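Please open the structure in your viewer and keep the selection tool at hand, as this tour moves from one group of side chains to another.

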Amino acid sequence: MNAAEYRAAAERILAKDRYSYQAITPYDFRKAEILAQLAVSAATSETAEARTSQPTNA
């Protein structure tokens, strides 16, 4: 999965609880938190990969 997919998955978990007008469960909050952390990690990796794959003009 890429960063956008992880973020979307975390947002779906949180939105599901908002739309049902129920409090988010600790288990769902933890899943969303983990997915958000994975999104940050994936975004960092994608940025680093993009920087190293571009040829330098020096």
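Begin by selecting Glu33 and Arg30, whose side chains form a salt bridge with the closest N and O atoms 2.7 Å apart; the term stands for a side-chain nitrogen of Lys or Arg within 4 Å of a carboxyl oxygen of Asp or Glu. Both residues lie in helix α2, three residues apart, about one turn of the helix, where helices (H or I, at least four residues) are DSSP runs numbered from the N terminus. Glu33 is partly exposed at 31% relative accessibility, and Arg30 is likewise partly exposed, at 42%; here buried means under 20% relative accessible area, exposed over 50%, and partly exposed in between, computed with a 1.4 Å probe on protein chains only.

Before going further, note that this is a predicted model, in which local features need pLDDT of at least 70 and side-chain atom pairs count only at pLDDT 80 or more, while totals for chains, interfaces and linings use all residues. Residues are numbered from 1 along each chain as its sequence is written, and side-chain values use heavy atoms, with hydrogens and water left out.

Next, stay in helix α2, which covers residues 26-53, and select Lys31 together with Asp28, a salt bridge whose closest N and O atoms are 3.5 Å apart. These two are three residues apart in the helix, so about one helical turn separates them. Lys31 is partly exposed at 32% relative accessibility, whereas Asp28 is buried at 8%.

Now move to helix α1, residues 3-19, and select Arg7 and Glu11, whose side chains meet in a salt bridge at 3.0 Å, N to O. Because they are four residues apart in α1, they are separated by about one helical turn. Arg7 is exposed, with a relative accessible area of 54%, while Glu11 is partly exposed, at 42%. The count of salt bridges comes to three.

For the last stop, select Ala3, Tyr6, Ala9, Ala10, Ile13, Ala32, Leu35, Ala39 and Ala42, the nine residues of the largest nonpolar core, meaning a set of buried Ala, Val, Leu, Ile, Met, Phe, Trp, Tyr and Cys residues joined through side-chain atoms within 4.5 Å. Helices α1 and α2 each supply at least two residues of this core, and its largest share, five residues, comes from α1. Finally, centre the view on Leu35, which, leaving aside neighbours within four places in sequence, is in contact with Tyr6, Ala9, Ala10 and Ile13, contact meaning heavy atoms within 4.5 Å.
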